[in-house]
Amino acid sequence: MLSEAVQDYLKSIYKLGRSPEVETMVSTTLIAERMGVSAASATNMIKKLAEMRLLEHRPYQGVVLTPAGVKIALEIVRHHRLLELYLRQALGYDWDAVDAEADRLEHAISEDFEDRIDEALGYPTVGAHGELIPTKD
């Protein structure tokens, strides 16, 4: 089981490293800014993630997720987007509350719960904000 902090870093690096055509390197500075931490804190987590083989760190260039890191990040993104949609459609949450609530819940749901939300929503492919929901695979 990965910590919430590890999951949050992977999700953030995944989102920061995506461009329309290709995955790009993400700088330590950009990661620190997104996570709201010092560059030293971000560097420490980057080293930890590299030791776990979830990303590759290239000094003075940045980081890129490994396939294992991408897989974990996509699972967290999928949880988040399904939760946002469920909170909005099924529970009537306001737009300004769905993201924060999904951030809290994305780490805690089981795969069974994810499947049940997916089924209850009719197997959506687009999230509450119009972004694609990653597939289970």
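Here are legends for a set of close-up views of this predicted model.

**View 1. Helix α1 crossing helix α2.**
Start with α1, residues 4-16, and α2, residues 28-35: their axes come within 10 Å and cross at roughly 120°. That angle makes α1 oblique to α2. As for handedness, α1 passes α2 in a right-handed crossing. On the α1 side, the residues that meet α2 are Asp 8, Tyr 9, Ser 12, Ile 13, Lys 15 and Leu 16. Facing them from α2 are Leu 30, Ile 31, Arg 34 and Met 35. Sorted by class, this contact has 6 nonpolar, 1 polar and 3 charged residues.

**View 2. Helix α2 against helix α3.**
Here the packing angle is about 105°, and the axes of α2 and α3 are 8 Å apart. Angles of 65 to 115 degrees count as roughly perpendicular, and so α2 and α3 are roughly perpendicular to each other. Helix α2 brings Thr 28, Ile 31 and Ala 32 to the contact, and they meet Ala 39, Ala 42, Thr 43 and Ile 46 of α3. If you're looking for charges in the contact of α2 with α3, there are none: the count is 5 nonpolar and 2 polar residues.

**View 3. Helix α1 over helix α4.**
The axes of α1 and α4 come within 8 Å and cross at roughly 95°. With that angle, α1 and α4 are therefore roughly perpendicular to each other. From α1, the contact takes Gln 7, Leu 10, Lys 11, Tyr 14 and Lys 15. From α4 come Gly 69, Val 70, Ile 72, Ala 73, Leu 74, Ile 76, Val 77, His 80 and Arg 81. The class tally for α1 with α4 is 8 nonpolar, 3 polar and 3 charged.

**View 4. The largest nonpolar core, with 20 residues.**
Which residues have the most contacts inside this core? They are Leu 10, Ile 13, Ile 31, Leu 49, Leu 55, Val 63 and Leu 65. Two or more residues each come from α1, α2, α3 (39-51), β2 (62-65) and α4 (67-89). The largest share belongs to α1, which puts in 6 residues. Zoom in on Leu 49 and, leaving aside its neighbours within four places in sequence, you find it in contact with Val 6, Tyr 9, Leu 10, Ile 13, Leu 54 and Leu 55. Apart from this core lies another, of 11 residues, with Leu 82, Ile 117, Leu 121 and Ala 128 among them.

**View 5. Leu 10, a residue of helix α1.**
Buried or exposed: which is Leu 10? Its relative accessible area is 0%, so Leu 10 is buried. Skipping neighbours within four places in sequence, Leu 10 is in contact with Leu 2, Leu 49, Leu 54, Leu 65, Gly 69, Ile 72 and Ala 73. For a sense of how the chain folds back, take Leu 10 and Ile 76: they sit 66 residues apart in sequence but 8.7 Å apart in space, C-alpha to C-alpha.

**View 6. His 79 in helix α4.**
His 79 has 3% relative accessibility, and since buried means under 20%, it counts as buried. What does His 79 touch, leaving aside neighbours within four places in sequence? The contacts are Glu 106, Ile 109, Glu 111 and Glu 114.

**View 7. Tyr 60 and Tyr 123, with positive phi.**
Most residues other than glycine have a negative phi. Tyr 60, though not a glycine, has a positive phi of about 65°. You'll find Tyr 60 in the loop between β1 (55-58) and β2, where its relative accessible area of 87% makes it exposed. Tyr 123 isn't a glycine either, and its phi is positive at about 55°. This tyrosine, Tyr 123, is found in the segment after α6 (111-120) and is exposed, with a relative accessible area of 52%.

**View 8. Thr 125, in the segment after α6.**
At 53% relative accessibility, Thr 125 counts as exposed. Not counting residues up to four places away in sequence, Thr 125 touches Glu 131, Leu 132 and Ile 133. Ala 100 is 25 residues from Thr 125 along the chain, and the C-alpha atoms of the two are separated by 21 Å.

Conventions:
Residues are numbered from 1 along each chain as its sequence is written. This is a predicted model: local features need pLDDT of at least 70, side-chain atom pairs count only at pLDDT 80 or more; totals for chains, interfaces and linings use all residues. Side-chain values use heavy atoms; hydrogens and water are left out. Axes are lines fitted to C-alpha atoms, for helices over the stretch in contact, and angles run from 0 to 180 degrees between N-to-C directions. Helices (H or I, at least four residues) and strands (E, at least two) are DSSP runs, numbered from the N terminus. Angles under 35 degrees count as roughly parallel, over 145 as roughly antiparallel, 65 to 115 as roughly perpendicular and the rest as oblique. A crossing is left-handed if the near helix is turned anticlockwise from the far one by less than a right angle, and right-handed if clockwise. Contact means heavy atoms within 4.5 Å. Ala, Val, Leu, Ile, Met, Phe, Trp, Tyr, Cys and Pro count as nonpolar, Asp, Glu, Lys and Arg as charged, and the others, Gly among them, as polar. A nonpolar core is a set of buried Ala, Val, Leu, Ile, Met, Phe, Trp, Tyr and Cys residues joined through side-chain atoms within 4.5 Å. Buried means under 20% relative accessible area, exposed over 50%, partly exposed in between (1.4 Å probe, protein chains only).
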